[in-house]
Amino acid sequence: MISSASRIRQSPWANAVLAFVAGAATSLSFAPYDLWPIYPLALALVLWLSDRASPKRAFYLWLSFGLGSFAFGISWVHVSIYQYGGLPLPVSMLLMALLALYLALYPALAGALWVKLALRRARHWNALALFPALWILTEWLRGWVLTGFPWLWAGYSQNSGPLKPLAAYIGTLGISLLLAMLAGSLVLLLRRRWISLPMLIALMALAVWQAPHHNGIERTGNTVSVALVQGNIPQSMKWDPNALWPTLLKYMDLSRPHFDSDIIIWPEAAIPAPESMVEPFLDNANKVANLNNTAIVSGIVSLDQTDFYNSLIVLGNAHHHQQPAGDYQVNGSNQYRKHHLLPIGEFVPFEALLRPLAPLFNLPMSSFSRGAYVQPNIQAGGFRLAPAICYEIAFPEQLRDNVTADTQLLLTVSNDAWFGASNGPLQHMEIAQMRSAELGRPLLRDTNNGVTAVVDEYGNITARLPQFQEGVLTANVDLVSGVTPFAKWGQWPVLILSLSLLLLHLIYHVNKKYK
């Protein structure tokens, strides 16, 4: 059997196929499958295949892994490109392949550098320190370069796994580091390097340790009643001017039976028009919410002079549960403007060049301006909410920088109708759950057609609506106090550790070379 394994490792094509299959299998670690052990096992397999390869061969092995991972893991992007982008199927598939190829460059870079820098007589260091450090630094780069695409970070595979509670300490990227160390440990065990056993025992101890009970977060005993409205507006009607008023009336009709809630949430761009175009409706909704001692938080398009923003506004009672008059004003201070815009969907790079080429580059509302990176929490019914609109929830540092000690709830709104019945909305939901686990705050997620849900301060869904149905999700949400270690320090400890391990390795490598 050992000789058979050796023959497999000596075949470049067999290795590439195995690496591709391992990468494709990692999609099963994420929602909706949640088979979390697959990810470290897949990493360990490709590590084992590449640890005696040349840097060039390791690059192609990890490129194959990345291609499999992203071609299958984010295949849902194809739905929006083909169905709503107006491109022929072959062109859509080509764009999807190019995106997967670009994203695969990051694990390929990590794998090639690992082999290039590895020390022959320090396999334990190579597997347990060097590879995890390179993996984390390249994952972080993928979440930053060209505005970033941090989807499918390894740590998200633990949304249903035993390491999830550690998000409050080290964040999703820190969990990725532990998974890379676990993969290295497994490879060492295959080589009968028993030094990896302490690492495995430590990881198991972390998994058993009741981290949530020591993360600095406590429930206050107070609750807030919320109603999350899921309108289920077809994407084909979303920006149709003839559907504007039926859409507005639908949201009001769905909300009316729930005016006894403290806060009512409408999803991203629930009001698909600039504030000035629907001012009579907003004025009426503001008065109705005020009379019922509630607040309505709604997605809307806001216009400031000549700049359009993807925004959230608050109608009705903002600063207090009961107040004489709702204080909503067009372009008022109690609103949030989306900062991290989605390329192509909300802004078009090289606009003058790309817009004439295809309908994909001319989607409705694809010329938004950016809001500020740090903005005050919005206030609704006397409660403070830290918002993130759609894609922004995938960026942990941005949300962390907008959460203060006074923040009571996290709020994310989205319209995932662009992605149909694919896995995209479900992966989006699991990403939102990890933000809640990191920051130790309950999270409200309201969407046009799902997944609409309430998440507790540990990142667990406590209530949700079925997808693709209109409805209203009501819940009493427990409020908390305290600050998690991740909220204090963010990703910096993990990044500094990874960079330090790499620098120590480089210093040793250089000294040994010129000694």
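Visitor: Why is Leu479 called buried?

Guide: Leu479 has a relative accessibility of 4%, and buried means under 20% relative accessible area, exposed over 50% and partly exposed in between, with a 1.4 Å probe and protein chains only. So Leu479 counts as buried. Before we go on: this is a predicted model, where local features need pLDDT of at least 70, side-chain atom pairs count only at pLDDT 80 or more, and totals for chains, interfaces and linings use all residues. Residues are numbered from 1 along each chain as its sequence is written, and side-chain values use heavy atoms, leaving out hydrogens and water.

Visitor: Where does Leu479 lie, and what does Leu479 touch?

Guide: Leu479 is in strand S13; helices (H or I, at least four residues) and strands (E, at least two) are DSSP runs numbered from the N terminus. Leaving aside residues up to four places away in sequence, its contacts (heavy atoms within 4.5 Å) include Glu218, Val224, Phe383 and Leu409. Pro442 is 37 residues from Leu479 in sequence, with 7.2 Å between their C-alpha atoms.

Visitor: What makes the pair of Phe20 and Phe72 edge-to-face?

Guide: Rings of Phe, Tyr and Trp (its six-membered ring) pair if their centres lie within 6.5 Å; planes under 30 degrees apart count as stacked, over 60 as edge-to-face and the rest as tilted. Here the centres are 6.1 Å apart and the planes sit at 70°, so the pair is edge-to-face. The pair links distant parts of the chain, with Phe20 in helix H2 (residues 12–25) and Phe72 in helix H4 (residues 55–73), 52 residues apart. Phe20, at 31% relative accessibility, counts as partly exposed, and Phe72, at 47%, is partly exposed too.

Visitor: How do you know that the pair of Tyr251 and Trp266 is tilted?

Guide: The angle between their planes is 35°, with 5.5 Å centre to centre, and that makes the pair tilted. Tyr251 belongs to helix H11 and Trp266 to the loop between S2 and S3, 15 residues apart. Both Tyr251 and Trp266 are buried. In total, the structure holds 19 aromatic pairs.

Visitor: How do you know that the buried residues of H11 line one face?

Guide: The buried residues of H11 are Leu244, Thr247, Leu248, Tyr251, Met252, Leu254 and Ser255. Seen down the axis, they fall within an arc of 165° (taken from the directions from the helix axis to the C-beta atoms), so they line one face of the helix. Their cover includes strand S1 (218–230), helix H12 (279–291) and strand S13 (471–481).

Visitor: What makes a set of residues a nonpolar core?

Guide: The set must be buried Ala, Val, Leu, Ile, Met, Phe, Trp, Tyr and Cys residues, joined through side-chain atoms within 4.5 Å. The largest one here has 83 residues, and Trp62, Phe65, Ile74, Trp135 and Trp151 have the most contacts inside it. Helix H8 (residues 167–190) gives the most to this core, ten residues. Apart from it lies another core of 28 residues, among them Ala318, Ile378, Phe383 and Val413.

Visitor: Which residues join Trp62 in a cluster of ring pairs?

Guide: Ring pairs link Trp62 with Phe65, Trp114, Phe131 and Trp135. Trp62 also touches Leu43, Val46 and Pro107, among others.

Visitor: How many of the 515 residues count as buried?

Guide: The share is 57% of the chain, which has 17 helices and 13 strands.
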